[in-house]
Amino acid sequence: MTWSWNKLSAAKWEDAWSERIAGNPNAVITKIKGGKTVRITVYCDDEEDALALKKYFGGTVREIKTQDWVATQKREKRPPLKIRDALVITEQSSPENLAALQKQFPSRCILSVPAEMAFGTGDHATTSTCLRFICDAAKSRRKTSWSMTDIGCGTAVLAMAALKLGAASAAAVDIDDKCRDVAYENAALNGIGQDTYTVRIGDVLGDAVLRADLGGGWQMVVANIVADVIIGLSPLVRPMLAPGGLFLCSGIIDDRAQEVADRLRENGWEILETRSAEGWFSYLCR
């Protein structure tokens, strides 16, 4: 006997949900007949886990009394995700397990993102690539004050990673108002306070007031979203950055990569580095 959390979403957000559930073997996206809607389902061993997802993201919870091909798989704990020689991301959350990991990796920062929080745990190729870029940026800025903002943050794993790696401050933004609670709860779990970390809800593309509220002077702006949003952001991000600041774009499927690169250059960005993994592209721009 098990439980499921279910949510309907517009099909245009399918890529975003795919990113959020990456790494969760008990999650599936189903296209609804007609093609305009998708159903996101996460199977849970306990009702509490399903209700937690409902609390953060809406949707519905139901009990499943028949076997299901996903639910019957015994989910194994994911091994910790090691990024460069600087960061370890784990779904472990107990103080004892985190202390054991810190002892195992004494020179690395440990970042806990519980699987129950669902979305954006670092496993997806786009997220792990962004984390490597952030590790590199942090290393080059060691002993200096720097900051970053994460557009389309989900669990805000990227902003939290930056803070763990030495950023003085970070901001996170998402269109889903449920992300605020998830992001702040994850931050508290990792000892990150709201004095250095803020989460805002809104559409950066369409809301000039929100962009103004985010302000300028950031050393890095990260957008790990989808190609269309990155194209829309390309003429809007520059005022957010300090001179010489970096714009990191990710979440770009391979058949849109050249189009996004062309639009970035048309809007005055120099692509400093291109990385690809598992059919996804990321660009580091100045």
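Predicted model: local features only at pLDDT ≥ 70, side-chain atom pairs only at ≥ 80, totals over all residues.

Residues are numbered from 1 along each chain as its sequence is written, and side-chain values use heavy atoms, without hydrogens and water.

The chain holds nine helices and 14 strands, taken as DSSP runs (H or I, at least four residues; E, at least two) and numbered from the N terminus. Of its 286 residues, 50% count as buried, that is, under 20% relative accessible area with a 1.4 Å probe, protein chains only.

Next, the cores. A nonpolar core is a set of buried Ala, Val, Leu, Ile, Met, Phe, Trp, Tyr and Cys residues joined through side-chain atoms within 4.5 Å. The largest has 39 residues, and Met-148 is one of those with the most contacts inside it. Apart from this core lies another, of 29 residues, including Val-204 and Cys-285.

Finally, how do α2 and α6 pack? Helix α2 (residues 47-57) and helix α6 (residues 178-189) lie at an angle of about 120 degrees, with axes 7 Å apart; the axes are lines fitted to C-alpha atoms over the stretch in contact, and angles run from 0 to 180 degrees between N-to-C directions. Lys-55, Tyr-56 and Phe-57 in α2 meet residues of α6 including Asp-181 and Val-182, where contact means heavy atoms within 4.5 Å.
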